[in-house]
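I opened this notebook to keep track of what I look up in a structure that is new to me. Each entry takes one topic and sets down what I found.

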Amino acid sequence: MSVEEPQLRKSLKGRHINMIAIGGAIGTGVFLAMGVSISQGGPGGALLSYAVIGVAVYFMMNSLGEMSTYAPGSGNFQVYATRYIDKSMGFMMGWNYVYYVSTTLAAEAVATAILMHFWLPNVPGWIWSAATLVLILILNIFSALAYAEGEFWFAGIKVVTIVIFLVIGVMMIFGILHGPSPGFSNWTQGAAPFVNGAAGTFTVMLAAAFSYSGIEAVTITSGETTNTDKLIPQAIRTVFWRILLFYLGTIVVIAFLLPYNDPNLLASDVDNIAVSPFTLILQKAGIAFAASLMNAVILTSLLSCSNSNLYQGSRLLYSMGKGGQAPKIFGRVSKHGVPVAAVILILAIASLAFLASVWSESVVYVILIDATSMACLIAWFGIAVAHIRFRRACKVQGIDPNQFVFKAKFYPWGAYISAIISVAVIVGQVYFFVGKSGIDWGQMALMFTGIPLVIILFVVYKLVKKTKMVPLAEMDLSHTAALGE
């Protein structure tokens, strides 16, 4: 490993930036969790949940976009928390995201093993989990461009599949394809459109947060992008709306074509791809090979998300190594400009996937999903707070936001709304989880691990380093300190 190479290489192009954002945010949440979301919250509850989280994500991306174009750099939101709030907050945000990325990788590796059981049920799942981690290591270890090219094609498969699904679904809704139109019957039967009240809706919001997670990758790429001022704002404006269309469009199609209490829909989970809502609807359309087709597509989706998450986490850990909030070895890069040590550490943590060889794979998968969703919401909250502090400092120091390359829309309300939604979803999960009968305290402890973890990280770092909140008048608002420089 070369220690002389001080910077990540700027090798990513516009097509890579767009696909990295799309690929990071479209994964098992769309292909596997939609059916369960609709069955738990009803068509109305699911649609409302994904819309509310979509609003939070939109404002979060505006906040992050403004800061990342003002002071671009890899791993930026951790750096912004350090510079604009408190070094303790930056330390906590950075390691929280490393935890998030690692557990997400573990979840995707477990899901890969589960999907491969569809074709090869007698092969131990750990083999497929290991193969997944090795493959994404190869894609990430040589160069950012190799990673980006792999992600470009992985994400492309997902996008094409969803577009085809939406076209077929809309044709079925209007009665053009395979039988008469179902009309609004599935939106009005039983307890629909809202099922299980507020508890059902809040439960779906956690799944929605996991589904949208990864979209922030588009700004992490700013450290390896040659034309940040143009590409990052363009990606934020266009990619978010595409993803929102994919998610809300998919929910609408499924809700129109499948009732929330369909026994197959209720059975939708990672153990049985045969009842994935995508599969059910494609089978209704007369596509006999739907199960195998969707299994293959979801498998590429998992690889895409794993690829994207390893990239995100390693670049953020690189930033922390450069800024002194992680061991210096993580701030070094190879002759190809890749932070190899950071890549290896995250993969090592992600090897938690092999716990599935001891416990139930589906149980491990659900626990990891819940844990990563909480960590993601904490990250979004931190981004919103950093943006609020950044803008306040700009006002104190006489910097005009109207001169920014990219200016966040609806400030300050957008940032406040994003922060409030993130906290409300976390609090709602605790409230409704504790309030339900037959509570599984072990599952709850694992699900909410991230909350005490970030509190401990923040408090310990503050006590050891004796850090203080950065005064607005003294805040560093230069354009060049994004990597701890």
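The entries below go from aromatic rings to a cavity, then to cysteines and a glycine.

**Entry: the model.** I note before anything else that this is a predicted model.

**Entry: aromatic pairs.** I looked up the aromatic pairs and found that the structure holds 16 of them. I began with Tyr84 and Phe390, whose ring centres are 5.0 Å apart and whose planes stand at 40 degrees, a pair that is listed as tilted.

Because Phe165 sits in helix H7 (residues 144–173) and Phe278 in helix H13 (residues 277–284), the pair ties together parts that are 113 residues apart in sequence. Here too I found both partners, Phe165 and Phe278, to be buried.

Going back to Tyr84 and Phe390, I saw that they belong to one aromatic cluster together with Tyr70, Tyr80 and Phe404.

**Entry: cavities.** Which residues line the second largest cavity? I searched the whole structure, which gave 2 cavities of 30 Å³ or more, and the second largest cavity holds about 30 Å³ of space. Its lining is made up of Phe59, Asn62, Ser63, His387, Ala408, Lys409, Phe410, Tyr411, Gly414 and Ala415. Helix H3 (34–70) and helix H17 (413–435) are the elements that give two or more residues to this lining, and H3 supplies the largest share, with 3 residues.

**Entry: cysteines.** I looked for disulfides and found 0 in the structure. Cys376 has a relative accessibility of 0% and therefore counts as buried, and Cys394, with a relative accessible area of 1%, is buried as well.

**Entry: Gly324.** Is Gly324 buried or exposed? I placed Gly324 in the loop between helix H14 (290–323) and helix H15 (340–350), and its relative accessible area of 57% makes it exposed. I also noted that its C-alpha atom is separated by 9.5 Å from that of Phe91, a residue 233 residues apart from Gly324 along the chain.

Terms used. Residues numbered from 1 in each chain as written. Predicted model: local features only at pLDDT ≥ 70, side-chain atom pairs only at ≥ 80, totals over all residues. Heavy atoms only, no water. Disulfide = S-S within 2.5 Å. Buried < 20%, exposed > 50% of the residue type's maximum accessible area, 1.4 Å probe, protein only. Helix = DSSP H or I, 4+ residues; strand = E, 2+ residues; numbered from the N terminus. 1 Å grid on protein atoms, 1.4 Å probe; cavity = no way out; pocket = protein on both sides within 12 Å on 5 of 7 lines; lining within 4 Å. Points joined across faces, edges and corners; volume = space filled by probe spheres on them. Phe/Tyr/Trp six-rings, centres within 6.5 Å; stacked < 30°, edge-to-face > 60°.
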